[in-house]
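Grab a pencil and let's work through a few exercises on charged side chains. Try each task yourself before you read the solution.

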Amino acid sequence: MNFHGLNHFVDSGSLARGLVYATQGKSLVHSVTEDTIEAESEGSNGEIYSQWIEYALDTDFTSFYGQCSCPVGYNCKHCVSATLIALDLLPTQVKPASNIPSPTMADALTGWRRDMMIMLGVGLGGDGKLALAFDYTAPRQPIPGIPMWKQQSAGKLEILAMREGNRDKWIKSGASLSYLRNGGGEHFQISQAKAVREFVKACDLNMDHSSALFHDTLMMTWVRSPLVAQYLKKCIDAGVELIDAKTKRPLSIDPEPAVASIELTDTGNYLQLVPRLEHPRLGTDYLLVGSPRQLVIWHDGELHLAFIEPTASEEWTYLRDHEVVVPASEREYFERVFLPTLRSVGDLRTNGYVLPEPPRASLRLTLTTTPGPVVNAAWEWVYSDNHGNVFGTYSLWSAPTGQRSREAETEIRREVSPVVQRVCPPMMGERLHEACKLQGEHLLTLGELTRELRDIGVDVIEDIPAFRRAEDIHVDVDVEESRDWLDLKMAVVVDGQQVELHELLYAFAAGERFTYVGDVYVDLDSPDLAKLRQLIDEARLLDDRRRSALRVPKIRQSWWQDLLDLGVIRAAENRWLEAVRHAEEPTPATVPDGLDAKLRSYQEAGFRWLCALRDAGLGGVLADDMGLGKTIQVLAMILRDRERNPGSPWLVVAPTSVVGNWVAEAGRFVPSLKVVGVESTKRIRGTSLAEVAADADVVVTSYTLMRLEADEYRALGITGLVLDEAQNVKNAKSKGFAVAASLGAPSVFAVTGTPIENNLGELWAMFALSAPGLLGSAEKFNDAFRKPIEKAEGRGCEELMATLRRRIGPFLLRRTKQSVSLDLPPKQEQVLHVELRGAHKRMYEVQLEKERQRVLGLEDEDRIEILSALTRLRQLAIDPRLGDEESSAPTSKMDELMPLLDSLVAEGHSALVFSQFTRFLKLVAARLDEAGIPYLYLDGATKGRPALIKRFSRGEAPIFLISLKAGGTGLNLTMADYAILTDPWWNPAAEDQAVDRAHRIGQTRPVHVYRLVSAGTIEEKVVALQDQKRRLLGVISEDGGVSAKLSAAELRALLD
């Protein structure tokens, strides 16, 4: 039986005996893989041997290599037995169970238990003792005529394991280095087995995948490990005996170490380097072990071992095989290049030779410049002798080895660091930077630094100019004037040297805080240059044209004033620049006698401001609070202008609902002017616009009619244009804006109480009509102001807002009721939180969850869908019937509103009731009808608004139901002293406009404002948004910030 060709790799005797062992179950298999087997087998006398087998089995064995800790060691009977059991190659009838009697092998030495015992040395120990037997063959002189490979002239040392025997002191059987190396040794003392195992493994270090262990013997002349001595000492400490393998006697371990040194001998004709090994008992024939050499073994009747301490250097080992002789003629080169390193490699002794002084450490700083300018600073150590010969250079923080002196380097750094920290801090962190880049004002300190460093012995190598700070900086300014623009010419002069403007602009554009003119430092963050930088940035951003020079419109006069106010500016002689520098206040306009009204002081100031702009051929934005009389201020300005400049008419464009109001107010305050109201198209009125406007001083029309008959309005050649409630043209992309811009009016005045409702683009639109060129193009304005302000917070945002306020300041007039100290009665505001009840609350919560799921994942382009979802929720928060007309759920807000109205009416008050939703107003009207309370109703579809207002003023009804959009403009309802907002709107300006229908000039009673807000609903979040929107007016006044248009993400937040 060949057992799948195993007989090709194992002799017949081992195969037969292995088969018998296998049938007797004398092998215990620990692991089997597709190419390895690990097992343990019982020997003839009860010994336990370890097997490690590598094989390849197809149908038959194609390779087989077995190692065993038994004396045979290779492809023995134990390997055969383990293989037959592991690969299940025995006939079924003779398959045994394991008969190994040791409970430690059957139990402890299996699986995880065995691994833990080997790893921790727990539970494995016996009381057996171990010895390492040294089989030493001394080196001898080669025998002439015999090939060297056949001789053992170099000597050899082999180590094997032995254990205590019964008769002999030390025996080899039952003690295997292979077995111990692989974790065996349960019969021996734990500490000894572990120490021997680690020693064997240490000997394998640096063996390139092979092992020093051959046939259970350590071939010490093969060992290249640096750990031999260290782990051999551990064996000695663990009580492992070191014995002579031949005599079984203990080794003589010399307590005195051997010393390896290099002797430098001067013969007069040459220098010679000789390796010496010194020990008082060392003979001439000895063997060295380890790499580097750590042990020396010799025999002088008994076997000796001594440790080499310190370990011999590689240079010492090299010299044992190589003779090094330095001719006297090359002695200087040897001492300069090689001797400094040779000093550091070990014990260097001399014989007839005097060692020169070692090289000294010094610190070198190298400074070089690159464009920018940037100075590169680098430190290094230089070691040289008294003659200036350099023996080596080293990086600043590299570890001091060889010829270097740690103490000297530490002392030099201790002296240098405080100087660098004080004079040039960027070169220091927690310690000196080995290399760094310096720029800006730090270059100015380099002169002082190099002087102080040289004073304390630092070698400074510098290839840099002498940087200095500019002493005199000024900017020459001149302009080339055209009709509306000025081309600015600037030249910067630094200490008499002119700098091209584009160089300065490049530094500004790059965000630099400084620049250099040659070797002169210019601080761009100085107050005047910093302001100049801001002005140039602003001008470049707001200039639509791509040009290297700056072009700034004349209308941006505050910009020019800011420029000329800078201390560094030297303006050339120029008529326009002188006019700016010495501008005088215009003569105040006189209120015309034809005005049939007495202007309040602030109204007279507004009138004069309007007249000053008109006299200069300019326009502006009148943005007074609602109720401060903007209409009468404009009419007074137009009356004065018509008296001075009769000709084509002024055009007033207003919302449809207030066209009649403008005509009525003009008839009341400026009866001498012919004012024509246009309230229908040519097709309906039957006459052309030119015929209607013939001989008129003022034509009043609506935004709708202006769009529909744009060509006819352009043909009028109007003298001036007034855009009332100018927020109607706040969208620069709308047709209304385009038509207004195309009318060609020399002066355009935008009149509005809410110049900003949602974003700064609306402000730009108004100034694009009233002061063209002031804020540049929409794209440039967005880059310069809108995006930075709307996205930023903090000081930078506030400074930019202040700049924008200054630019628009001459062309914007805004007064609040508080600022003009009107003698108005107080306005008290109160929020009434309404709790949704029962089925109403459940309906809202169900709808809220539906809308959340519907808008989940929608992006900015889905704003309409999100707004629709929010609108549905807002309606349901007001009244369940706005969500389901057939709902019978409690009407929580209506039930709060009606008792309030009953009480107000009973006490003789009048109230304005506002809502965004006309459907809710009609539900309120139905409840008022049921209660028998008279009311009036106004929404966008209502005709005859003036008649309704007169009826309310006569007291025909105490309640006026008004849609928020229809009642926000053009109404004077001071007869009401209560205003009730039944549902909040996220633009607070719209609510304020509505409330100010009652709280305005002419009101004599305190005005009470109630806001009904459904608790726990979207309405509370709308109120929070109102607070953000109120910050928008910070651009035109200093009491707030700004807020951007709501994104889809912000709208979705209302559903959270």
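The exercises below look at salt bridges in this predicted model.

**Exercise 1.** Find out which residue pairs with Glu-309 in a salt bridge, and where the two sit in the chain.

*Solution.* Start with the general idea: side chains of opposite charge can pair when their charged atoms come close. Next, look for the partner: Glu-309 bridges to Lys-233, with 2.7 Å between the closest N and O atoms. Now place them: Glu-309 lies in the loop between strand 16 (303–307) and helix 8 (314–321), while Lys-233 belongs to helix 7 (residues 228–237). They are 76 residues apart, so the pair links distant parts of the chain.

**Exercise 2.** Decide whether Glu-452 and Arg-422 are buried, partly exposed or exposed.

*Solution.* First, the pair itself: their side chains form a salt bridge, at 2.5 Å from N to O. Glu-452 is in helix 11 (residues 446–455) and Arg-422 in helix 10 (residues 406–423), 30 residues apart. Then recall the limits: buried is under 20% and exposed is over 50%. Glu-452 has 21% relative accessibility, so Glu-452 is partly exposed. Arg-422 comes out at 52%, so Arg-422 counts as exposed.

How values were computed
Residues numbered from 1 in each chain as written. Predicted model: local features only at pLDDT ≥ 70, side-chain atom pairs only at ≥ 80, totals over all residues. Heavy atoms only, no water. Salt bridge = Lys/Arg side-chain N within 4 Å of Asp/Glu carboxyl O. Helix = DSSP H or I, 4+ residues; strand = E, 2+ residues; numbered from the N terminus. Buried < 20%, exposed > 50% of the residue type's maximum accessible area, 1.4 Å probe, protein only.
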